[in-house]
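Colleague: I am new to this structure and would like to learn how to read it. Could we go through it together, one feature at a time?

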Amino acid sequence: MSADLVPPVTSIGTPRITAGFDEYGRLDLIAHQEVHGGFAALSSGELIGLADRIELRGRGGAGFPFARKVRAVLDSCQRQDLPPVIVVNATEGEPPSWKDKAVLTRGPHLILDGAALAAAALDAEEIVIGIADDGIGQDSLAAALAERRMPVPTRIVTVPHRFISGEGGALVRGINGEAHIPPGRKVRSSDNGVGGLPTLLSNAETYSQLAIAARLGPWEYNAVGIPEEPGTVMLTVGGSATAPAVVEAPTGTPLMDVLTMCGADIGPGLLVGGYHGKWITAEAAKTVTISRKGFAKVGGTLGAGMLIPIGSSTCPLGEVAQVTQYLAGESAGQCGPCRLGLPDLARAVTLVALGGSALENVRQAAGVVKGRGACSHPDGTARFALSALEVFARDVELHANGEGCGKQVRGILPLPYHTDQGARKLAVDWSRCDGHGLCSAVAPEIIRLDANGFPAFPQTPLPPWLENGARKAVNVCPALALRLTEAVKK
């Protein structure tokens, strides 16, 4: 896949990670050194001290302090008398996220600089960089490695471009040649990671921020942003934005400045932090400044830096139902809350969107999975669905009354369409359909009848647990109007 798919990259204020992108497009080693200059190697103590003084936290979503990760790895190395492995997580499996791909394709040497700093400081065995198998950024990263000498052997590992493949445990398993799914139990990579060695695992942007800080030093690094969360953050702005972009902004920047720059119509709500994030209202969005604490004040989360306004042209509940179905299909299938609970949650949300279920059913289904999964996927999916139904309460009321919001589902929330996995969707030949209604009786979780008695259903690929019901609905249609077709990849 081409790097042309990556949205435009821009910045508010003086760019750091994105410096030189406008001038050079992609920075090769010479351009990279011209823009950023050199840096000195650090000892393990200096690395920890730097990370502590700039309050560096992981930029992959969890926001775990980087210095604590390093300390944990060092302690494990000393305890086991083993060398560590450095892992860069650049998989970025969430459909709305593009910030890491932007750095991979435009400024890969910053990522390599940060990984090299950590590897030299910890006397690592090797560096492993995990990227998605969609091809975006792979050629750029390989070319960057060919241009320079790394302090330890460095290799690229590709993983399936799936939502859960970027989870830390899933990435380590994939690198080790196992299934690309979370391990199903709590395993600290700092104790037992790649090849059984203590492993320092962090996100691509985190290593890039480390490389910037090593050049600037803590005082200059902390001169930008807010004192408790200094520096810049990389944000992906999509959804209803007329000018979607990857934006580098100092912490403390008003959220509306970023959204206005990207031409975003917020509509009734804004999703922050991605598909494991939370929805906030348009009113709340106007009060937020870009930071973890800023989003937390309105009940949101910065997460991995995704800002997805829903806009005013689409059906919010239909959009949420489609994503919930997708997230249920992305389950690793290795624990009850994922294998059984998430499909139940997706069904409940879909029925609310179709006007055939109560909000209480969604709360009950979410309550079954929350806090019980083998990984964070059930909790994140429940958080996404529940916060949406709170923010879109007016739409829930309209759909429950049978009126609906009168809007089509336009696919504002991006989804991958896995045609290579044989995904199917329902379609109707309207010249044949007589409105018998049998299809909705056979598959009520998918199909409802509109005010005129004709079938209505989401125009997205069917998740695996709904395919059998869809086939039964197709088989009972007396007019042969209903059919299953191949989902078209977008």
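Colleague: Let me begin with charged side chains. With which residue does E397 form a salt bridge?

Modeller: Please keep in mind that this is a predicted model. In general, side chains of opposite charge can pair when their charged atoms come close. Here, E397 forms a salt bridge with R394, and their closest N and O atoms are 3.5 Å apart.

Colleague: Why are E397 and R394 separated by about one helical turn?

Modeller: The general idea is that an α-helix has 3.6 residues a turn, so residues three or four places apart point the same way. E397 and R394 are about one turn from each other because they sit three residues apart in helix α17 (residues 393–400). E397 counts as partly exposed, because its relative accessibility is 42%.

Colleague: How many salt bridges are there by this rule?

Modeller: The count comes to 17 salt bridges. One of them joins R79 and D191, with the closest N and O atoms 2.8 Å apart. This pair links distant parts of the chain: R79 is in helix α4 (residues 66–80), while D191 is in the loop between α8 (168–175) and β5, 112 residues apart. R79 is exposed, with a relative accessible area of 56%, and D191 counts as partly exposed at 22%.

Colleague: Are D100 and K99 buried or exposed?

Modeller: Both D100 and K99 are buried. Their side chains meet in a salt bridge, at 3.2 Å from N to O. R59, K99, D100 and E205 are linked in a network of salt bridges. Now look at the helix around them: seven of the eight residues of α5 (residues 99–106) are buried, so the helix is largely enclosed by the rest of the structure. The buried residues of α5 include K99, D100, V103 and L104.

Colleague: How many bridges join β13 to β16?

Modeller: Five bridges join them, and the two strands run antiparallel. A427 stands opposite R483 in β16. Strand β13 (residues 424–428) is mostly covered, with four of its five residues buried.

Colleague: Last, the surface. Which residues form a nonpolar patch there?

Modeller: L438, V442 and V476 form the patch, with about 210 Å² of accessible area together. V476 belongs to helix α19 (residues 467–476) and counts as partly exposed at 33% relative accessibility. As a contrast, V369 in helix α15 (residues 359–369) counts as buried, at 0%.

Definitions and conventions. Residues numbered from 1 in each chain as written. Predicted model: local features only at pLDDT ≥ 70, side-chain atom pairs only at ≥ 80, totals over all residues. Heavy atoms only, no water. Patch = residues over 30% accessible without salt bridge, like charges linked within 9 Å, V, L, I, M, F, W, Y side chains within 5 Å. Areas by Shrake-Rupley, 256 points an atom, 1.4 Å probe, with all protein chains shown as cover. Salt bridge = Lys/Arg side-chain N within 4 Å of Asp/Glu carboxyl O. Buried < 20%, exposed > 50% of the residue type's maximum accessible area, 1.4 Å probe, protein only. Pairing = 2+ DSSP bridges.
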